[in-house]
Amino acid sequence: MIIIVGNGISGVTAARNIRKKSKEPITIISSESTYFFSRTALMYVYMGHMKFEHTQPYEPHFWPENNIDLKQTYVERIETETKTLVCSNNERISYDTLILATGSKPNKFGWKGQDAKRVQGLYSKQDLESMEENTNGITSAVIVGGGLIGIEMAEMLLTRHIEVHFLVREAQFWGNVLPPADSSFIMKHFEKHHGLHMHYNTQLDEILTNSENQAIGIITGNGEKIDCQFVGLTAGVSPNIEFIKSSSIETNRGILVNRFLETNVKDVYAIGDCAEFREPTPGRPSVEQVWYTGKFMGETIAHTITGNRVEYNPGHWFNSAKFFDVEYQTYGNVSGKMAEGHVNFVYQHAKEEVLLHFVFEKESHRFVGINNFGVRLRHLVFNEWLTKGATIEEVLTDLRSANFDPEFYSTYESEIVAQFNHEFGTNIVPAKRKWWQKLIPA
Amino acid sequence: MESTNYSIAGKETQSLSIFKKLGILVFTIGILALVELMRMSIYDAEAIKVVYDWSFFGLKTFEWTLFDWVIVGSFTLQIVGAFIFTYEHHHFSIITLFSMHTNWVQKAGLLIGATGFLILVLAWIGLIDGGHTLFLWLSFVLMAVGILVNTYGLYGGHTRGIKNNYVWFNSLSGRGLLGWTSGIVLTLFYIQLYWFPESLDGLVRLFDPLSYLITGAKSSQWFVYGSIYTFLILFLGIKFIYKYRHNRYQIIRTISVIFFQVVFAFSLPYILESFNDYQGYFGKDLKNVWPLNYYGTEGYQLDAMADPKNNGANIVGVSGTFYFVWSLLLFLIITPVLTYAVGKRWYCSWVCGCGGLAETAGDSFRQLSSKTRASWKIERWVIHSVMVFVLAMTIASLWPYFTGKDYVIGGFAITPDIFYKAIVSLLGLSALGGALLFWKRRHPFLLVGTIILVIFAVLLTFAYNEYVASKGKEVSEIFRYSSYSAIGVLVLAAIGGGIYFFKRKQHILAIGMFLLLLVGAYYTYSHFAGVEETVALSSKSIKKVYGFLVGAAFAGVIGVGFYPLLGNRVWCRFGCPMAGYMGIFQRFKSRFRITTNGAQCISCGNCSTYCEQGIDVRAYAQKGENIVRASCVGCGVCSAVCPRGVLKLENGPETGRFEPNPLIVSKEGVKLNM
């Protein structure tokens with residue numbers, strides 16, 4: 001009996017991949033929802049792009065067909081000695097193998113008023129439901145925390161014609177991840193959106209409440225008062241492990257696991273947002289809270305549980321996001337602060353919202369990573385370049401082959417190469433397309 | 001109002017509730033009524049002409065024939081069925097978030113457009129006398145201005161990008177009260193158009209001025225239909241372009257469908273008609289390919305093409321011979337070659353008129369198509385059955401025509417012998433192609449298709465031999481053979497389906513299969529009891545069935561009338577034989593695919609939601625697989641709405657088209673990125 005606690009992308013990926021190789025009974029427990037849904041799509045439900053049922057990647061018949069039981073209950077505590085989960089109503093469920101995929105919860109930093117009504121994060125289905133309720137009929141909101149969920153929340157609120165005050169602690173948006181050029185580019189895009197007021201270098205001091213304990217405004221670290229009827233807390237997330245702390249499973253920030261995703265207790269594993277590596281993959285954080293890594297961990301654990309014990313090896317870093325209308329992808333390592341021995345090359349189009357930020361090693365010219373905004377690039381091609389250690393010259397010569405924009409879109413390769421040649425005194429010539437390739441797009 | 005939770009409207013699950021079952025039942029009864037009507041019109045033609053009076057509280061007496069009653073009753077049942085089916089997802093409040101946040105520009109646009117539409121409605125119900133140029137132009141100008149103003153209000157205040165805000169809160173696009181109302185009005189219009197054209201007379205007269213201007217003759221219901229159709233593609237096409245002004249693929253594609261509709265489908269045929277006295281074939285447009293254009297094989301069309309008057313030096317436009325050769329080329333060479341090169345999108349979302357309307361006027365409804373696995377199954381059965389039916393019907397209707405006399409066109413005589421050899425070689429070649437593909441791809445569909453083609457070829461050979469042996473008298477023999485095979489297929493399908501559904505504990509469907517078996521048995525019995533006419537359908541009646549059930553009921557009423565209920569591509573997805581034909585190439589022999597970008601998919605579901613063809617795009621994307629589906633019309637909207645740059649429509653080498661993506665761990669196991 002395999003029990004998976006949590007039906008997010010990690011838990012469900014684990015269940016699916018175990019089922020491919022094993023007939024052992026699997027039960028997925030969640031207190032959030034019976035069926036798996038895509039957390040990343042909650043914003044589209046609020047904006048009216050989709051209905052909640054569209055966020056569910058599998059139809060209900062999928063689960064019985066694959067002999068995966070779904071159980072909606074809340075796990076109160078884990079008794080590892082007897083291999084038992086104690087759930088709400090004191091229901092006891094025993095397991096042979098336990099996979100913890102409990103995800104995250106929004107960070108709160110002890111602000112005054114952080115637990116008031118109309119103050120919330122955006123992570124779960126319940127958050128979406130309460131956000132719908134909390135923002136009904138209001139006119140202005142404050143969002144605290146300059147990350148990806150914050151900008152999603154801003155986009156959501158703007159569609160309901162709610163004024164948004166967005167507090168960003170740093171001088172730059174998402175400055176710990178994006179280099180200054182990239183983040184300034186995104187900040188410029190924010191200015192296009194009416195009703196969005198960015199407050200950089202601004203922290204939250206306290207949330208003001210009325211007699212009914214509802215948020216009515218905030219006071220910033222600079223003492224400025226901003227009236228609002230809703231406060232969105234989006235200053236990151238942290239592992240959701242409260243109920244585990246009473247057990248013999250070791251935790252720190254998250255549930256401590258080795259490179260095989262095994263905890264200190266036999267037959268208990270942790271994957272996804274809630275897992276913390278004792279020895280992280282070189283160059284990567286010990287807690288990875290990204291959709292893709294959750295998916296990879298789920299697939300890795302399935303191998304181990306079905307008898308092929310393997311290390312977690314997520315490969316080259318990649319990620320993506322969308323800031324209002326600007327799509328962002330990244331391949332390899334582009335960090336907020338330039339690493340020593342690395343060279344930056346930034347191409348920005350004069351008119352279109354297009355920016356490509358290349359990073360390569362100064363000495364060897366080996367390509368290190370790219371941030372691309374407003375242009376789609378092929379994952380496979382960049383992954384190959386990173387694996388074989390291609391130089392920046394090789395990347396630029398064949399950049400056309402990595403273009404993933406829809407057909408008939410403007411291409412920027414020749415401009416990019418020309419600018420690079422100009423800046424670095426090189427003489428790169430982009431690979432030519434054959435005449436018939438020009439005739440037939442793509 | 002306060003308590004309406006807009007986000008979580010709708011249930012979490014999509015399982016088949018009692019409402020859904022009841023809805024399917026009612027809808028099916030509606031469809032069966034149409035089938036029964038067809039049966040009666042063939043075998044019991046007098047019965048459907050009987051007049052039944054009906055008076056409502058003595059106010060007005062309807063003197064409708066049985067035919068009229070069944071038509072109206074059947075579609076009413078279908079709509080009621082659809083209504084019950086979607087009952088749990090309804091929201092009928094008119095004041096929704098959408099209407100609350102509609103800005104004054106949008107409202108002004110709606111008001112102006114509605115005024116223009118009102119003129120049409122007034123003419124429709126006979127309150128405005130037709131023939132006034134002013135009313136017609138006023139109506140069109142107001143509707144055009146209304147659409148443009150509303151579009152500006154809807155998207156103008158936003159930055160360029162995907163703005164599907166409120167789509168599901170909107171009563172029209174979210175299957176709310178407005179959606180249902182417009183679905184019913186559209187259905188009513190189509191019923192009138194196809195079966196009660198005289199009741200549209202008020203509207204037809206309104207269009208006389210335009211008709212005289214373009215064709216020099218007075219208007220007909222088809223001219224009205226064509227004009228409104230073209231108008232909608234043009235102006236809602238502009239709306240579409242503005243909505244997707246950041247996306248050049250969408251812009252170019254939409255300009256293309258507008259161009260083909262305005263020039264090839266509407267203007268050229270009517271203008272050429274006014275230049276040439278002797279008509280017949282000019283009523284069609286050059287881009288209308290068999291098998292979509294099934295009536296192109298009608299005897300009178302072939303007569304017209306061969307007619308010397310349509311091939312003389314005085315002809316304006318293309319000659320009949322050219323049209324004949326062009327039609328063959330288009331079907332046999334151009335369509336397969338282009339579909340191989342770029343996928344069926346070259347036709348479905350760049351050229352086709354049905355597709356043009358779906359992409360422009362129907363764009364607001366694309367999200368309503370069902371993405372369930374069940375609907376995909378239904379889709380595959382229905383579209384391919386229609387396709388086989390059209391093939392059978394075409395051969396069955398061409399055969400008596402070509403055996404009647406030698407067909408002389410462009411100085412070349414097609415004798416029955418040549419015709420027989422040409423058709424059998426075509427069928428044989430296609431079967432050979434199907435067999436080779438089956439050898440390579442091992443897909444059961446290809447085997448079934450190949451067998452069907454062989455059966456047709458064998459049947460035709462039987463018929464031809466009978467024809468030769470009886471020296472040209474037994475021309476209807478082929479129908480007896482088709483009856484045999486039809487019964488055979490019916491019985492086999494019923495048994496197979498029955499076992500299949502019974503094993504899967506789908507008892508209702510198993511019972512349905514049993515009923516089908518009874519029908520087959522009944523036909524077999526009547527055949528041996530000597531009632532040959534029961535099954536030996538004449539070529540005329542086959543065409544009648546097709547024209548009625550597929551051409552009118554399916555392509556028109558359900559295809560367009562049900563836009564706001566079932567989505568904008570019902571016809572293209574479930575019915576169009578041309579789409580079915582191209583789909584086979586696209587699935588098995590084409591360079592086109594939608595590429596998934598490595599492992600970047602976040603399973604958000606925008607792609608699936610906005611796929612008008614009901615393809616669960618996400619199911620492929622999240623596994624890192626390319627989307628290679630027969631039904632994809634290549635509209636490119638999945639790629640456009642994807643927030644993470646995961647999807648790209650492209651043509652590329654066939655190698656690797658079906659290969660899974662190595663970046664998803666499950667595909668390569670632990671070897672990921674190593």
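How many other C-beta atoms lie within 10 Å of A:Phe324, and is the residue buried, exposed or partly exposed? A:Phe324 has 19 other C-beta atoms within 10 Å and is therefore partly exposed; a residue is called buried if 20 or more other C-beta atoms lie within 10 Å of its own, exposed if 12 or fewer, and partly exposed in between, with C-beta atoms placed from the backbone. The structure is a predicted model, in which local features need pLDDT of at least 70 and side-chain atom pairs count only at pLDDT 80 or more, while totals for chains, interfaces and linings use all residues. Residues are numbered from 1 along each chain as its sequence is written, and chains are lettered from A and ligands numbered from 1 in the order in which they are written.

A:Phe324 sits in the loop between strand E21 (318–323) and strand E22 (326–332) of chain A; helices (H or I, at least four residues) and strands (E, at least two) are DSSP runs, numbered from the N terminus. Its phi is near 55°, a positive value in a residue other than glycine. A positive phi, about 60°, is also found at A:Asn213, which is not a glycine. A:Asn213 belongs to the loop between strand E13 (204–209) and strand E14 (215–220) of chain A, and it counts as exposed because it has 12 C-beta neighbours inside 10 Å. In chain B, a cis peptide bond with omega of about 15° joins B:Trp290 and B:Pro291. B:Pro291 is located in the loop between H10 and helix H11 (299–306) of chain B.

Two packed helices are described by the angle between their axes and the distance between the axes. Helix H1 (residues 9–21) and helix H7 (residues 291–305) of chain A pack at an angle of about 30°, and their axes are 7 Å apart. Axes are lines fitted to C-alpha atoms, for helices over the stretch in contact, and angles run from 0 to 180 degrees between N-to-C directions. The crossing of H1(A) and H7(A) is right-handed; a crossing has this hand if the near helix is turned clockwise from the far one by less than a right angle, and is left-handed if anticlockwise. Residues that make the contact include A:Ile9, A:Thr13 and A:Lys21 of H1(A) and A:Trp291, A:Met297 and A:Ile305 of H7(A), where contact requires that the C-beta atoms of two residues, placed from the backbone, lie within 7 Å. The residues of this contact comprise eight nonpolar, six polar and three charged. Ala, Val, Leu, Ile, Met, Phe, Trp, Tyr, Cys and Pro count as nonpolar, Asp, Glu, Lys and Arg as charged, and the others, Gly among them, as polar.

In helix H4 (residues 125–134) of chain A, the buried residues are A:Asp127, A:Leu128, A:Met131 and A:Asn134. Viewed down the axis of H4(A), they fall within an arc of 130° and so line one face of the helix; the arc is that of the directions from the helix axis to the C-beta atoms. Their cover includes helix H2 (42–47), strand E9 (119–120) and strand E16 (230–233) of chain A.

Further along chain A, helix H10 (residues 413–424) contains A:Ile416. A:Ile416 is buried, with 21 other C-beta atoms within 10 Å. Leaving aside residues up to four places away in sequence, A:Ile416 touches A:Tyr347, A:Leu356, A:Leu396 and A:Leu399. A:Ile416 and A:Leu356 are 60 residues apart in sequence, with a C-alpha to C-alpha separation of 8.6 Å. A:Val429, in the loop between H10 and helix H11 (435–439) of chain A, counts as exposed, with 11 C-beta neighbours inside 10 Å. Its C-alpha atom is separated by 9.3 Å from that of A:Glu393, 36 residues apart along the chain.

Chain B has 27 helices and six strands, and buried residues make up 41% of its 674 residues. Among contacts in chain B between residues at least 6 apart in sequence, 71% join residues at least 24 apart. The contact between the chains takes 60 residues from chain B and 59 residues from chain A. On the side of chain B that touches chain A, E6(B) gives the most, with four residues. The residues on that side of chain B divide into 20 nonpolar, 30 polar and 10 charged.
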